[in-house]
Amino acid sequence: MVGRFRWAAMFPDEVWEHVFSFLTSDADRNAAALVCRNWNRIERRSRKRVFVGNCYSVAPTVAVRLFPEVRAAVIKGKPHFADFNLVPSDWGGGAEAWVEAMAEGWPNLEELRFKRMVVSDDCLDLIARSFKNFKVLSLVSCDGFSTSGLAAIAANCRNLRELNLRESEVEETCLNWISHFPESCTSLVALDIACLEGEVNASILERLISRCSNIMTLRLNHSVPLERLVGLLQRAPQLMDLGTGKFSARHNPQLFSRLESAIAGCKNLRNLSGFWEPGLTYLPAVYSICEGLTSLNLNYATIQNPELVKLISRCKNLRRLLVMDLIEDSGLVAVASSCKLLQELRVFPSDPYDAAEPVSLTEQGLVAVSAGCPMLHSVLYFCRQMTNAALLTVAKNRPNLTCFRLCIIEPRTPDYVTQEPLDTGFSAIVESCKDLRRLSVSGLLTDLVFKSIGASANYLEMLSIAFAGDGDMGLHYILSGCKNLRKLEIRDCPFGDKPLLQNASKLETMRSLWMSSCSVTLGACRQLARAMPRLNVEVINESGRGPLVAQPDNCPVEKLYIYRTIAGPRTDTPQCVWTI
Amino acid sequence: MASYVEDTELRLGLPGSDALATRGSKRSLPEDDAAGDDSSCRNGGSGSAAKAQVVGWPPIRTYRKNSFQAMKVESEASGLFVKVSMDGAPYLRKIDLKVYKGYKELREGLDGMFNCFSQGEFSRKEGCNGSEFAITYEDKDGDLMLVGDVPWEMFICSCKRLRIMKGSEARGLESRH
């Protein structure tokens, strides 16, 4: 330690531990750990929460050994493009190695959050038996398990507070898994089972909810009928977050008024979602709590205007809105004038594959919201047409954007008025929005836009590119710029070997790079792997051309996934994946 | 004037795809929709009828795609969906007839959607009395009928699509009865 800080060395470890306990963000704790060996030792031995953005970046046993006091872990597996079927289903991301290491080294683990991992029923069983004080299990976008595994969790985790299965794919093997929660279970605070496809026994659920007086989040699946929702709400009027089940029924005025008063009784409701198969007759039943809502998720609700706008316009305090393009431009204009506190907007396509009946959602809706909602900072927008002028207006209106993801559904669509590429529009976004962390580009784009992004997007952490660019320079601009880039995912772009090899060291500063259907050759991958031992260069070739080791250098690479790691090449690659 | 007409013309294709190629291309009749999504319900200018779907594009979660398809199929199986067009309006709507109890609710629902009946009185014979628009429907046999003549239950079984037309045009239908 430097001389003038010698006083610090006199403090016992416990004092530093206490000081570090005020550092809540991982980045801050990481920074503290780099100051000196002493702080490194004290910090990591007192760290309670660990975040592993790529499950293959470190060996589980190593992570468990380095941070012995961890109580909460977040582990992420497959690359983001796995969401869109671009990653082979057997690619990897299995949770066994992690769960085994944690069962061994973290017996006091309380919270486990997996994202895009393959979690087997055996894993769930091991989790259920290994951690005596287990409180939170969150499986987001996971698969590999069934309701039998859930039954094991329900039966054995005595102090379970949160069970979250958001957007996971769950096999139905155990019909009444909910009944495995013992009568003594009263600790549940959050239950999100919206993704389950099978029937959930509403009576058992009702009894469970009745005895869990602290339940705050309840997200049902489509099988729970409206009639049963009434009973559940009556037993949990303290709910803050509700995901309804099926939101339609035969016309029944008595049901309507019972539903209306049950919902009105939930005075703390802030988040509303669900609305599976919505019927228009029952929508007004939620009107009474609209003003209190801060988050509304209608992205699975096929409600059209005017009912859709009627509902949303009542939600004057909305911070977060997820909706389908059925809202149309007119609806977004209404949102712009009603929801002045809006921070996040996501508009999903109702009919992404069929062009049969185009919905009237264009760039106008986006411009309207950008003008009317001063706190808007996060946008995900699917549409079919865009102009540079609109993007320039959005950039001018909302320099506070931190996340801008625009998906123009038809690849390579130009500015529909001028027929030009959308380079100037997206350039305006990155130049104006200095705090932009996440960007997805689409439409017709040349290398010029990447020049702007590379030069201006100084805080950009995640970039998604599809069907864009002219050649190698596009990728070179990105890799040689974008100082804070962590994740880069590219598909169907004419980017080749040169920019990768020229910017090899950049790849070690990032979490990962995905490239598919580009112009990279096997030879470049071999060179890269040789030059960068701390990168795993995974080549995925599904067309079964024979072992990659025998292929020549000029063999084109279908899919490429490069990530930094201290664990070396992984041992669980399937046939189609080759670590160079 | 010509561009306005073009803008409001009902087209089965993506806006932004080249406008020139669409002119003159055959617009498939509504009945063709029943033949399946892969039939000629595509704009000739943007590619062949059976447009190859790019893997993983648009970037929507498989989970969402599956649940949306399932929802679509399920809701259309349990509902009685018919298309509604209004003369002069550029876009079609789809409504579920099962949601309405009778002609009054149907009229109210359509009024809410299209804002067409703010004046005029509803009469049992679907009067165009003073109202600018009238609701007509196409029945199982393909005939164009005035809405309101038959009992409601019979109506929802035979109605294939609805059309809101100008009162003056509907008067011709009324004289048939």
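Below are some questions about strands, helices and single residues, with an answer to each.

Colleague: Is Ser138(A) buried or exposed?

Modeller: Keep in mind that this is a predicted model. Ser138(A) is found in strand β4 of chain A, residues 136-140. Away from its sequence neighbours, it touches Leu112(A), Arg113(A), Phe114(A) and Asn164(A). Its relative accessible area is 5%, and the cut-off is under 20%, so Ser138(A) counts as buried.

Colleague: Which helix joins β13(A) and β14(A) in a β-α-β unit?

Modeller: Start with the strands: β13(A), residues 320-324, and β14(A), residues 344-348, pair in the parallel sense over five bridges. The β-α-β unit is right-handed, and its helix, residues 328-338, is α12(A).

Colleague: What is the bridge partner of Leu345(A) in β15(A)?

Modeller: β14(A) is mostly covered, with four of its five residues buried. It also pairs with β15(A), residues 378-383, in the parallel sense over four bridges. In that strand, the bridge partner of Leu345(A) is Val379(A).

Colleague: Over in chain B, which are the edge strands of the five-strand sheet?

Modeller: The sheet is open, its pairing is mixed, and the order is β2-β1-β5-β3-β4 in chain B. An edge strand pairs on one side only, and that picks out β2 (93-96) and β4 (144-146) of chain B.

Colleague: How many bridges link β3(B) and β4(B)?

Modeller: β3(B) covers residues 133-138, and the two strands pair in the antiparallel sense. The bridge count for β3(B) and β4(B) is three.

Colleague: At about what angle does helix α4(B) run to β2(B)?

Modeller: Helix α4(B) spans residues 103-114. It lies across β1, β2, β3 and β5 of chain B. Relative to β2(B), the helix runs at about 155 degrees.

Colleague: What is the relative accessible area of Leu479(A)?

Modeller: Leu479(A) has its place in helix α17 of chain A, residues 472-480. Beyond its sequence neighbours, its contacts include Leu488(A), Pro499(A), Leu500(A) and Met510(A). Leu479(A) is buried, and its relative accessible area is 2%.

Colleague: And how far apart in space are Leu479(A) and Arg534(A)?

Modeller: Along the sequence, Leu479(A) and Arg534(A) are 55 residues apart. In space, going C-alpha to C-alpha, the separation is 18 Å.

Key:
Residues numbered from 1 in each chain as written. Chains lettered and ligands numbered in written order. Predicted model: local features only at pLDDT ≥ 70, side-chain atom pairs only at ≥ 80, totals over all residues. Heavy atoms only, no water. Buried < 20%, exposed > 50% of the residue type's maximum accessible area, 1.4 Å probe, protein only. Contact = heavy atoms within 4.5 Å. Pairing = 2+ DSSP bridges. Right-handed = clockwise from strand over helix to strand, strands pointing away. Axes fitted to C-alpha atoms, helices over the stretch in contact; angles between N-to-C directions. Lists of a residue's contacts leave out its neighbours within four places in sequence.
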